[in-house]
Amino acid sequence: MLHCAKVKMGQALMKKKKKKNKENEVKIEITGEYFSRNGAILLEKQIALSQGQDVGSGQLKIFSAGDMEKATNCFNPDLIVGRVLTTVYKGTVDGRIVATKVPVNLKPTPEIIDHFLREASTGMVMNHNNVVKLYGCCLETCLPILIYEFLPNGSLFQCLHDDSAFGRSLKWGDRLRVATDVSYALSYLHNGLPKPLVHRDVRSRNVLLDQSFCAKLSNFGLSVAITPGEKPQRCTVEGKRGYIDPEYVETQEVTDKCDVYSFGVLMLELLTGRQPDMMAKTGLDLVNMFVSAVGKNRMMEMIAKEVLEQGSWNEIERFALLALRCVAKKGLERPTMVEVVTELWLIQDVEIKI
């Protein structure tokens, strides 16, 4: 009887284990048709962004679906390091540690396909130290799989807000440098490419940190190419509540000043340690709250304790005033990202590198 009970128990555990593995199993549909379609769209987007110029960090490597299974140990759930729109696996490709973004359980609508191929095409034309490097992609799957460099210190959001992960480990000097790094990335997008790009989703979750806590901008699936001097194109409002430019919400016109506003919110997040998106869910707005505090001469009450303890008041005040210029109600009243970079270097009393 005892032996039978053990056998039944073992069979039950095996069934449970099989069920669990089946739930975690990632099914990737592969056809040559997907490769042809995705490749054609990707090439078209890349040509449009590069304007026929030879730009970017080099030839984009195309990986097979088999390569992706090998890199992620058959999409092992133990290798998952993030989940938002995609499931991100820490893997190894060509002897290098990478972050593999795999679209899982997403309906392959034209909009979603465009999102991923737009991200891939922007990665192909960009080459900047403060932009996450795209190593390659897999086009055999219905939704492309993207392979990026792996940044070990996670996102800025985690460092600022996730006590279980990093516990607000960023010192004031690090916050200044992170802001400067992101401003460099945005200045590059707006001025350093054949066709300027507006990111449209600048926020702490899309800023990743390397081993030295240097910041790199990521996630370009919502980016839009613009043509300076022409009437701004109208696009459906995209981005995260709490960071979105209210003028963009009103006009639906995409300009580089949309990013400037979002960057200003990011600066306030670094300064106060508060979460703009979580505040927005409760009907609060970090920008309005900060502006109100400044008007009542109570700005110091908004500043994070660690910032007050570590930064000089001159640095903090100049940083706050720059952030307020970035979140001005009208885009024309906001600085350019080149001006933001310059001011951030002046605040740190460091030789300007532009």
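Colleague: Leaving aside its neighbours within four places in sequence, which residues is Arg-318 in contact with?
Modeller: This is a predicted model. Arg-318 is found in helix H12. Neighbours within four places in sequence are set aside, and the contacts of Arg-318 are then Glu-343, Leu-346 and Ile-347.

Colleague: How far apart in space are Arg-318 and Glu-343, C-alpha to C-alpha?
Modeller: The two residues are in contact. In sequence they are 25 residues apart. From C-alpha to C-alpha, the separation of Arg-318 and Glu-343 is 8.7 Å.

Colleague: Is Arg-318 buried or exposed, or in between?
Modeller: Buried means under 20% relative accessible area, and exposed means over 50%. Arg-318 has a relative accessible area of 27%.

Colleague: How many residues does the largest nonpolar core have?
Modeller: Leu-189, Phe-263, Leu-271, Phe-290, Phe-319 and Leu-344 have the most contacts inside this core. Elements that give two or more residues to this core include helix H6 (172–191), helix H8 (256–272), helix H12 (313–326) and helix H13 (337–347). Strand S8 (207–209) and strand S9 (215–217) also give two or more. The residue count of the largest nonpolar core is 56.

Colleague: How many residues are in the second, separate core?
Modeller: Ile-112, Ala-120, Cys-137 and Leu-139 are included in this second core. The number of residues in the second core is 15.

Colleague: Why is the pair of Phe-75 and Tyr-89 given its class, and which class is it?
Modeller: A search of the whole structure finds three aromatic pairs. The ring centres of Phe-75 and Tyr-89 are 5.7 Å apart. Their planes stand at 65°, and planes over 60 degrees apart fall in this class, so the pair is edge-to-face.

Colleague: How many residues apart in sequence are the parts that the pair of Phe-75 and Tyr-89 ties together?
Modeller: Both Phe-75 and Tyr-89 are buried. Phe-75 lies in the loop between helix H3 (65–71) and S2, and Tyr-89 lies in strand S3 (residues 87–93). The pair therefore ties together parts whose separation in sequence is 14 residues.

Colleague: What is the separation of the C-alpha atoms of Lys-90 and Ile-80?
Modeller: Lys-90 has its place in strand S3. Beyond its neighbours within four places, Lys-90 is in contact with residues including Leu-79, Val-81 and Phe-150. Lys-90 and Ile-80 are ten residues apart along the chain.

Colleague: Where does Asp-210 lie, and what is its relative accessible area?
Modeller: Asp-210 touches Leu-151, Pro-152, Asn-153 and Lys-216, not counting residues up to four places away. Asp-210 lies in the loop between S8 and S9. Asp-210 is buried, with a relative accessible area of 14%.

Colleague: Which element gives the most to the lining of the largest pocket?
Modeller: The largest pocket has a volume of about 1300 Å³ and is lined by 45 residues. Val-84, Lys-101, Arg-205, Asn-206 and Asn-219 lie nearest its centre. At least two lining residues come from each of strand S2 (80–83), strand S4 (96–102), helix H4 (110–125), strand S6 (145–149) and helix H9 (276–281). With six residues, the element that gives the most is H4.

Colleague: How many residues of the lining of the largest pocket are charged?
Modeller: The lining holds 17 nonpolar residues and twelve polar ones. The number of charged residues in the lining is 16.

Colleague: How much space lies in the largest cavity?
Modeller: The count of cavities of 30 Å³ or more comes to one. Of the 13 residues that line the largest cavity, Arg-200, Glu-238, Tyr-243, Ile-244 and Ser-262 lie nearest its centre. H8 gives the most to this lining, with three residues. The space in the largest cavity is about 80 Å³.

Key. Residues are numbered from 1 along each chain as its sequence is written. This is a predicted model: local features need pLDDT of at least 70, side-chain atom pairs count only at pLDDT 80 or more; totals for chains, interfaces and linings use all residues. Side-chain values use heavy atoms; hydrogens and water are left out. On a 1 Å grid over the protein atoms alone, a cavity is a set of points where a 1.4 Å probe fits but cannot get out, and a pocket is an open set with protein on both sides within 12 Å along at least five of seven lines; lining residues have an atom within 4 Å of a point. Grid points are joined across faces, edges and corners, and a volume is the space filled by probe spheres set on the points. Helices (H or I, at least four residues) and strands (E, at least two) are DSSP runs, numbered from the N terminus. Ala, Val, Leu, Ile, Met, Phe, Trp, Tyr, Cys and Pro count as nonpolar, Asp, Glu, Lys and Arg as charged, and the others, Gly among them, as polar. A nonpolar core is a set of buried Ala, Val, Leu, Ile, Met, Phe, Trp, Tyr and Cys residues joined through side-chain atoms within 4.5 Å. Buried means under 20% relative accessible area, exposed over 50%, partly exposed in between (1.4 Å probe, protein chains only). Rings of Phe, Tyr and Trp (its six-membered ring) pair if their centres lie within 6.5 Å; planes under 30 degrees apart count as stacked, over 60 as edge-to-face and the rest as tilted. Contact means heavy atoms within 4.5 Å.
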